[in-house]
Amino acid sequence: NKVTSTDADSEAGLGGGIYVVADGTIFRNVTADNNAAKNGGGAYIKGDNVIVDNCTLSNNKAIYNENNVNGSGLGGALDIAGDGCYINNTHSNNNTAYRGGSTFIRGSNVTVQNCNLDNNSAEIRGGALNIGGGDNCKVINVSVSNNHASEEGGAVYVVGNNTFFDNVNSTNNYAMYGGSSYVAGNNVTVQNCNLDNNTEIG
């Protein structure tokens with residue numbers, strides 16, 4: 001079945017299109033377009049072992065509130081809090097946020113693969129993807145191009161050890177630090193990646 005959420009607005013809360021608190025949540029064949037919320041413009045999911053598969057998440061926005069610096073503006077399309085998140089075959093484009101223009105994830109053992117996360121923006125960090133607070137992040141066969149962030153990680157921002165990048169196309173991104181990616185952690189592996197034409201703006 002296909003689920004579609006369009007033009008929803010939850011500025012005061014979480015998940016402009018969809019709000020879920022449950023382990024083992026599966027989002028498959030979901031379209032979330034032009035939604036807005038404090039966190040998770042397209043969707044907010046709290047729970048472990050979340051699967052996002054074959055979804056389209058575009059033109060969503062997480063709205064930053066200067067009176068709630070650490071708890072607003074997270075994940076233009078997706079805000080996920082939990083370990084074991086798996087995102088596959090998903091297009092997430094033209095989203096905006098304070099942190100994590102497309103996606104903001106708080107958790108370990110995260111895998112993002114076979115995805116297109118192009119043309120997103122973040123005011124602070126992680127123009128496309130912001131993963132924090134966990135180890136063993138994998139980004140495999142993903143396009144993260146034409147994204148930008150004002151401070152760190154034009155495309156990707158990760159805090160955690162054992163981060164693994166394979167076959168990532170990360171081009172034409174920019175940020176103050178880490179035009180393509182900013183990773184804070186030990187044992188980082190980058191292989192078979194295209195990191196052309198990224199810019200640090202100072």
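Arginine 28 is partly exposed in this predicted model, its relative accessibility being 41% (buried denotes under 20% relative accessible area, exposed over 50%, and partly exposed the range in between, with a 1.4 Å probe and protein chains only). The partner of arginine 28 in a salt bridge is aspartate 53, with 2.9 Å between the closest N and O atoms (a salt bridge requires a side-chain nitrogen of Lys or Arg within 4 Å of a carboxyl oxygen of Asp or Glu). Because arginine 28 belongs to strand 4 (residues 26-28) and aspartate 53 to strand 8 (residues 51-53), this pair ties together parts that are 25 residues apart in sequence (strands are DSSP runs of E with at least two residues, numbered from the N terminus). Aspartate 53 is buried, at a relative accessible area of 15%.

By this rule, three salt bridges are counted. Another joins the side chains of aspartate 79 and arginine 106, at an N to O distance of 2.5 Å. Aspartate 79 is in strand 11 and arginine 106 in strand 15 (residues 103-106), so parts 27 residues apart in sequence are tied together by the pair. Aspartate 79 is buried, with 0% relative accessible area, whereas arginine 106 is partly exposed at 34%. A salt bridge also connects the side chains of arginine 125 and glutamate 152, with an N to O distance of 4.0 Å. Here the linked parts of the chain are again distant, with arginine 125 in strand 17 and glutamate 152 in the loop between strand 20 and strand 21, 27 residues apart. Glutamate 152 is buried, having a relative accessible area of 16%.

Strand 17 (residues 121-125) pairs in the parallel sense with strand 14 (residues 96-99) over three bridges (pairing requires that DSSP find at least two bridges between two strands). In this pairing, alanine 122 of strand 17 is opposite alanine 97. Strand 17 also pairs with strand 20 (residues 148-149), in the parallel sense and over two bridges; serine 121 stands opposite histidine 148 of strand 20.

The largest nonpolar core comprises 33 residues, and those with the most contacts inside this core are Phe27, Val52 and Ile87 (a nonpolar core is a set of buried Ala, Val, Leu, Ile, Met, Phe, Trp, Tyr and Cys residues joined through side-chain atoms within 4.5 Å). Among the elements giving two or more residues to this core are strand 3 (18-21), strand 11 (78-81) and strand 22 (164-169). Beyond its neighbours within four places in sequence, isoleucine 87 has contacts that include Val52, Leu78, Ile80, Ile105, Val112 and Cys115 (contact means heavy atoms within 4.5 Å).

Serine 108 is located in the loop between strand 15 and strand 16 (111-113) and is buried at 16% relative accessibility. With neighbours within four places in sequence left aside, serine 108 is in contact with Asp83, Gly84, Gly134 and Asp135.

Methionine 176 lies in the loop between strand 23 (174-175) and strand 24 (181-184) and is partly exposed, at 34% relative accessibility. Together with Tyr174, Tyr177 and Ile201, Met176 makes a nonpolar surface patch of about 350 Å² (such patches join nonpolar side chains of Val, Leu, Ile, Met, Phe, Trp and Tyr within 5 Å, from residues with over 30% relative accessible area and no salt bridge; areas follow the Shrake-Rupley method with a 1.4 Å probe).

Local features of the predicted model need pLDDT of at least 70 and side-chain atom pairs count only at pLDDT 80 or more, while totals for chains, interfaces and linings use all residues. Residues are numbered from 1 along each chain as its sequence is written, and side-chain values use heavy atoms, with hydrogens and water left out.

Notes: Helices (H or I, at least four residues) and strands (E, at least two) are DSSP runs, numbered from the N terminus. Patches are made of residues with over 30% relative accessible area and no salt bridge: like charges are joined within 9 Å, nonpolar side chains (Val, Leu, Ile, Met, Phe, Trp, Tyr) within 5 Å.
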